[in-house]
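We will walk through it together, one region at a time.

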Amino acid sequence: MKSINPFTGELIEEFSTLSQERLEQKLSGASVAFSGWKDVGFATKSELMSKAGAILKENREKYAQIITLEMGKVLKESLAEVDKCALVCEYYAENAESFLKDEQVDLPDGKKAKIIHQPLGIILAVMPWNFPFWQVFRFAAPTLMAGNVGVLKHASNVPQCSLAIEEVFTEAGFPEGVFQSLLIDSDTTTELIADERIKAVTLTGSEKAGGSVASVAGKHIKKSLLELGGSDPFIVLKDADLKKAAETAVKARMINFGQSCIAAKRFIIEEEVYDKFLTLFVESFKNLKQGDPMDENSDFACMARPDLAEDLYQQVENSLNAGATLIYGGDKPENGSARFSPTILADIPTSSPAYKEELFGPAATLFKVKNEDDAIALANDTEFGLGASIWSEDKEKASALAGKIESGAVFINSMVASNPHLPFGGVKKSGYGRELGRYGILEFVNSKTVYLG
């Protein structure tokens, strides 16, 4: 596995994948670790998870630089990512015990029962490169606090991040084998899912990867949780605060240089305010500064890999050939470069990639609609259903419209974001299951009924 700086193209370091013998040692170690970890009290687990959060805070610059060097996001965003990881550690350290406490049930016949929540065992996480720390910690914090142990198969282009995350848990004092990073390839991952010691699998990634993992897990009767792509609508109604909506829209599209499943991708604007919104939107785009990701003044730098930049460019080109209008950007990346020119498209034909597919990068699509009913219909005309945003000064109306959108979350007058306190996940081809909040910690436990006759 190669760790390559996508901004410079420089090879930082190479890592060998695990041999079968070493992988077996790690799995055996995870099994042994679970036999003890499942019975460790919440007080001890909470102390260790709090320590992990403290380590992240103490070393935020170190870990943020690893993120930026390996996947190219600007350093200020990497720092924010590390801070968020510390927050989720603290959240579950404080709340896991109450989330998992026994539930007493009084039955109509006068009998009683209780529901207890018990860990499953070894949970496999298959994680992506776009938020290489956050995606892992939002899995690991609730999973370990529930008494499970975790093994991580991270994206192949962020091996340093993978090993650094294991370092955090080791330094925090978690017992050996409770959390391990596995440098393995895709074929080995498929074999790992089939291993009887793996009790469940969670994946954040593409629709294709999700289908592959879910099919193997299903074949072996194992639970899977999938958080996949999104084509999130950003709806601006005629009574919205246009200045605030446009400024937030640019941030919602460009965060992590657009490489986010919950980044706003489709901007659906009522026709009465379309032209004014477009002007504000383009002006904000033009004010963004590209530069070295380590420079605190840079708003964006590059995509995570050259092939990703080329793929996005082809989607844009194919959409233009199908009849879309280029409003801004659209430049072809240099051969072998991960740098991409932010792009805005309008007049999107329904047959084009920009209409049907997720644009995973800094390319925005604008749509003009007659009224709010058309806006909702267009918002739902996608195979995805992860997040959505509605902008209106009439919050009661916006709240009613939110109930009509097919998605896992709707944010009113705000950009979509994940929050440790709130359940996170999607519907349709954006996946199934929930992370974060109480729902997240309940995904990988056996909620067992105990009937008291």
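Which helices and strands do the buried residues of α7 pack against? Before answering, a word on what you are looking at: this is a predicted model, in which local features need pLDDT of at least 70, side-chain atom pairs count only at pLDDT 80 or more, and totals for chains, interfaces and linings use all residues. Residues are numbered from 1 along each chain as its sequence is written, and side-chain values use heavy atoms, with hydrogens and water left out.

Now to helix α7, which covers residues 186-194. Helices (H or I, at least four residues) and strands (E, at least two) are DSSP runs, numbered from the N terminus. The buried residues of α7 are Thr188, Thr189, Leu192 and Ile193, where buried means under 20% relative accessible area, exposed over 50%, and partly exposed in between (1.4 Å probe, protein chains only). Seen down the helix axis, these residues fall within an arc of 145°, so they line one face of α7; the arc is that of the directions from the helix axis to the C-beta atoms. They pack against α1 (20-37), β5 (122-126), β6 (149-153), β8 (198-204) and α8 (207-219), and contact means heavy atoms within 4.5 Å.

Next, look inside. In soluble globular proteins, nonpolar side chains tend to be buried together. A nonpolar core is a set of buried Ala, Val, Leu, Ile, Met, Phe, Trp, Tyr and Cys residues joined through side-chain atoms within 4.5 Å. Here the largest one has 144 residues, and Phe133 and Phe281 are among those with the most contacts inside it. Helix α4 (residues 75-99) gives the most to this core, with 12 residues. Phenylalanine 281 touches several residues beyond four places away in sequence, including Phe267, Ile344 and Leu366.

Finally, follow the charges. A salt bridge is a side-chain nitrogen of Lys or Arg within 4 Å of a carboxyl oxygen of Asp or Glu, and the whole structure has 23 of them. One joins glutamate 81 to lysine 73, with the closest N and O atoms 2.5 Å apart; both residues are buried. Another joins glutamate 443 and lysine 223 (2.8 Å, N to O). Glutamate 443 lies in the loop between α15 (437-442) and β20 (445-452) and lysine 223 in strand β9 (residues 223-227), so this pair ties together parts that are 220 residues apart in sequence. Glutamate 443 counts as buried because its relative accessibility is 12%, whereas lysine 223, at 37%, counts as partly exposed.
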